[in-house]
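Visitor: Before we look at any single part, could you take me through this model and set each label against the rule behind it?
Guide: Gladly; let us begin with the picture itself.

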Amino acid sequence: MSIISRSYPIIRKILFSIDAEKVHNLTLSILNKTYKYNFLRKSLHSSINLPSKIMGLDVKNPIGLAAGLDKNGECIDALGNLGFGFIEIGTVTPYAQKGNQKPRIFRLPKANAIINRLGFNNQGIDKILDNIQNNEWQKNNNLLGINIGKNFNTELKNAADDYTYCLKKAYPYADYIAINISSPNTKNLRDLQNKDYLENLLTKIKETHKKLADNYSKYVPIALKISPDLINEEIEDISKLLLKHRIDGVIATNTTISRKKIETLKNHDQSGGLSGAPLHELSLNVIRRLKSLIGQEITIIGTGGIISGQQAREKIEAGATAIQLYTGLIYKGPGIIKECFDMIKENINTD
Ligand SMILES: Cc1cc2nc3c(=O)[nH]c(=O)nc-3n(C[C@H](O)[C@H](O)[C@H](O)COP(=O)(O)O)c2cc1C
């Protein structure tokens, strides 16, 4: 166990005494500095070695960082150094936007959960592509996913333009692209999961994708990130479209608007997406359903409420090939990565 992991309960006490968004930015900046000045370079990475494949791509281990923690791609090397097998940055939109009014991140410590309503605050695709130039993470053959979305003021009928715009820009730099249509914090965004919208969106994305793959002589896989609040019929519709359009992966899931299991807790009534422990079962059900519908054909990345190694294992047993963490990292510290690794290593197919 590293010093950081051992002392994390104390570090957490200090971090949790500060406003959630302020401490988020502060932590990223400290992580970057300590990485830069070599304190953390004795990588935790080497001990978490479980070579596997995600959407046909090689990864050192199948434990990734979920989107939203490093929205602007400013901390890739330092975060990667914590032991992750892949890092997803974003959500990135065509133009920079500030997001919703603050405060907009709320902790629910008794439930190991967070509610956020950030609303895709990000520096815009051009600046973010600038930020990620020359990262060491990719130079060392590690995977970087770029998660893309639409600007808040782009009408739904034009949403596909925002996604194809970001796809074209990000394509040369990304190892995979995640299409986020499931954040509850951009008005009506989740309607893009409806059959007709999704058919139109995926048709346009795949047309663009085909041209890009030809132009760059490089195939960059695409994953669709979906909500945990879908009913069975919607999951079936989405699965059919994923198969029809040959989408490479599905990230299940984003945050939930449900407040089940946390009704009595402080902050439960804040609007936004709930992440962390109360989300685990919901996401797990979506993964199971997806697995029964899409079998081996599409990679499932299991995300949502992984706060312990046991939950990571359940995601893999339900059909996920890889997992992603966010809230678990906040509550448990970087030690959660090794904990997940220890619990899933026997279940991962390393072929
Ligand atoms: C503060 C915060 C911001 C997030 N921002 C994004 C985002 O920009 N794009 C996205 O696809 N998901 C975003 N997410 C969702 C996470 O990527 C993840 O899908 C979700 O939190 C469930 O995983 P978890 O329970 O391990 O946190 C965010 C989550 C949190 C807590």
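Guide: A residue is called buried if 20 or more other C-beta atoms lie within 10 Å of its own, and exposed if 12 or fewer do. By that rule, buried residues make up 49% of the 351 residues in the chain, and please keep in mind that this is a predicted model.

Visitor: How do you know whether the chain agrees with a compact globule?
Guide: For 351 residues, a compact globule would have a radius of gyration near 20 Å, and because the chain has 19 Å, the value agrees with that expectation. Taken along the principal axes, the C-alpha atoms fill a box of roughly 50 × 45 × 40 Å, and the chain holds 12 helices and 13 strands. Among contacts between residues at least 6 apart in sequence, 75% join residues at least 24 apart.

Visitor: How do you know that the length of helix α6 agrees with its number of residues?
Guide: Helix α6, residues 159-170, has 12 residues and should span 16 Å at 1.5 Å a residue; its end C-alpha atoms are 17 Å apart, so the two agree.

Visitor: What makes you say that the buried residues of α6 line one face?
Guide: The buried residues of this helix are Ala159, Ala160, Tyr163, Cys166, Leu167 and Ala170. Seen down the axis of α6, they fall within an arc of 135°, and therefore they line one face of the helix. The elements that cover these buried residues include β4 (86-92), α4 (125-131), β7 (143-148), β8 (176-180) and α7 (195-216).

Visitor: Why is leucine 192 called buried?
Guide: Leucine 192 has 24 other C-beta atoms within 10 Å, and because the label asks for 20 or more, leucine 192 is buried. The residue sits in the loop between β8 and α7, and, leaving aside residues up to four places away in sequence, leucine 192 touches Leu156, Ala159, Ile181, Tyr197, Leu198 and Leu201. Leucine 192 and alanine 160 are 32 residues apart in sequence, yet their C-alpha atoms are 9.5 Å apart in space.

Visitor: Which peptide bonds are called cis, and what is omega in each?
Guide: Most peptide bonds are trans. The bond that joins glycine 90 and threonine 91 is cis, with omega about 15°, and threonine 91 lies in strand β4. The bond from alanine 252 to threonine 253 is also cis, with omega near 15°, and threonine 253 lies in the loop between β10 (249-252) and β11.

Visitor: What makes up the shell around the ligand?
Guide: By class, the shell has 10 nonpolar, 16 polar and 2 charged residues. Of the 28 residues around the ligand, Ala66, Gly68, Ser275, Tyr326 and Thr327 come nearest. At least two residues of the shell are supplied by each of β4, β6 (113-116), β11 (273-276) and α11 (327-332).

Conventions: Residues numbered from 1 in each chain as written. Predicted model: local features only at pLDDT ≥ 70, side-chain atom pairs only at ≥ 80, totals over all residues. Helix = DSSP H or I, 4+ residues; strand = E, 2+ residues; numbered from the N terminus. Expected span 1.5 Å × (residues − 1). Arc of directions from axis to C-beta. Contact = placed C-beta atoms within 7 Å. Near = placed C-beta within 6 Å. Nonpolar A, V, L, I, M, F, W, Y, C, P; charged D, E, K, R; others polar. Rg over C-alpha atoms; globule rule 2.2 N^0.38 Å.
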